[in-house]
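Here's a quick briefing to read alongside the model. Have the sequence and the 3D view open as you go.

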Amino acid sequence: MEAQAQGLLETEPLQGRDEDAVTSADFSSMLSEEEKEELKAELVQLEDEITTLRQVLSAKERHLVEIKQKLGMNLMNELKQNFSKSWHDMQTTTAYKKTHETLSHAGQKATAAFSNVGTAISKKFGDMRRK
């Protein structure tokens with residue numbers, strides 16, 4: 001029984017060829033009537049356990065929603081929190097910091113250039129008025 005329980009708890013999923021081998025094999029002719037009855041009983045038990053687990057999961061999900069409602073958490077608040085956290089995480093990355101620094105420097109240069117152009121245009125208009 002220990003080896004069988006261990007097999008149920010394995011974490012590795014079946015590989016494609018393993019699934020094909022299991023689904024294409026016909027074990028019914030190799031089983032005695034007693035083994036078939038045991039497997040049918042096990043099948044019913046597993047189906048009942050799965051149904052119970054689904055019911056428990058559903059109840060826990062309802063309880064989760066109730067708790068969130070009591071705490072004032074709703075979908076919009078969660079989205080805002082997720083967005084804020086993601087924005088903060090992005091701002092702390094090296095790439096963001098470097099890009100921000102580069103764009104800030106470029107903005108300062110552009111501002112200075114526009115200021116110089118504006119001064120030059122004003123000076124030209126002033127010269128034109130004097131003539």
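Which residues form a nonpolar patch on the surface? They are Val117, Ile121, Phe125 and Met128, with about 400 Å² of accessible area together. Keep in mind that this is a predicted model, where local features need pLDDT of at least 70, side-chain atom pairs count only at pLDDT 80 or more, and totals for chains, interfaces and linings use all residues. Residues are numbered from 1 along each chain as its sequence is written, and side-chain values use heavy atoms, with hydrogens and water left out.

**The patch**

- Patches take residues with over 30% relative accessible area and no salt bridge, joining like charges within 9 Å and nonpolar side chains (Val, Leu, Ile, Met, Phe, Trp, Tyr) within 5 Å.
- Accessible areas come from the Shrake-Rupley method with a 1.4 Å probe, and for residues only the protein chains shown count as cover.
- Ile121, one of the patch residues, sits in helix α5 (residues 94-130).
- Ile121 is partly exposed at 43% relative accessible area; buried means under 20%, exposed over 50%, and partly exposed in between (1.4 Å probe, protein chains only).

**Fold and surface**

- The protein has five helices and zero strands, and from the N terminus on its elements run α-α-α-α-α.
- Helices (H or I, at least four residues) and strands (E, at least two) are DSSP runs, numbered from the N terminus.
- Buried residues make up 0% of the 131 residues in the protein.
- The accessible surface of the protein comes to about 12,400 Å², and 60% of that belongs to carbon and sulfur atoms.
- After α3 comes Gly72, with a positive phi near 80°.

**Salt bridges**

- A salt bridge here is a side-chain nitrogen of Lys or Arg within 4 Å of a carboxyl oxygen of Asp or Glu, and the count by this rule is three.
- Lys36 pairs with Glu33, their closest N and O atoms being 3.8 Å apart. Both lie in helix α3 (residues 33-70), three residues apart, or about one turn of the helix. Lys36 is partly exposed at 25%, while Glu33 counts as exposed at 55%.
- Glu78 forms a salt bridge with Lys68, with the closest N and O atoms 3.0 Å apart. Glu78 lies in helix α4 (residues 75-91) and Lys68 in helix α3, so this pair ties together parts that are 10 residues apart in sequence. Glu78 is partly exposed, at 23%, and Lys68 is partly exposed, at 25%.
- Asp89 and Lys85 meet through their side chains at 2.9 Å, N to O. The two are four residues apart in helix α4, so about one helical turn separates them. Asp89 is partly exposed at 35%, whereas Lys85 counts as exposed at 53%.

**Confidence**

- The mean pLDDT of the protein (the predictor's confidence in each residue, from 0 to 100) is 83, and 79% of its residues reach 70 or more.
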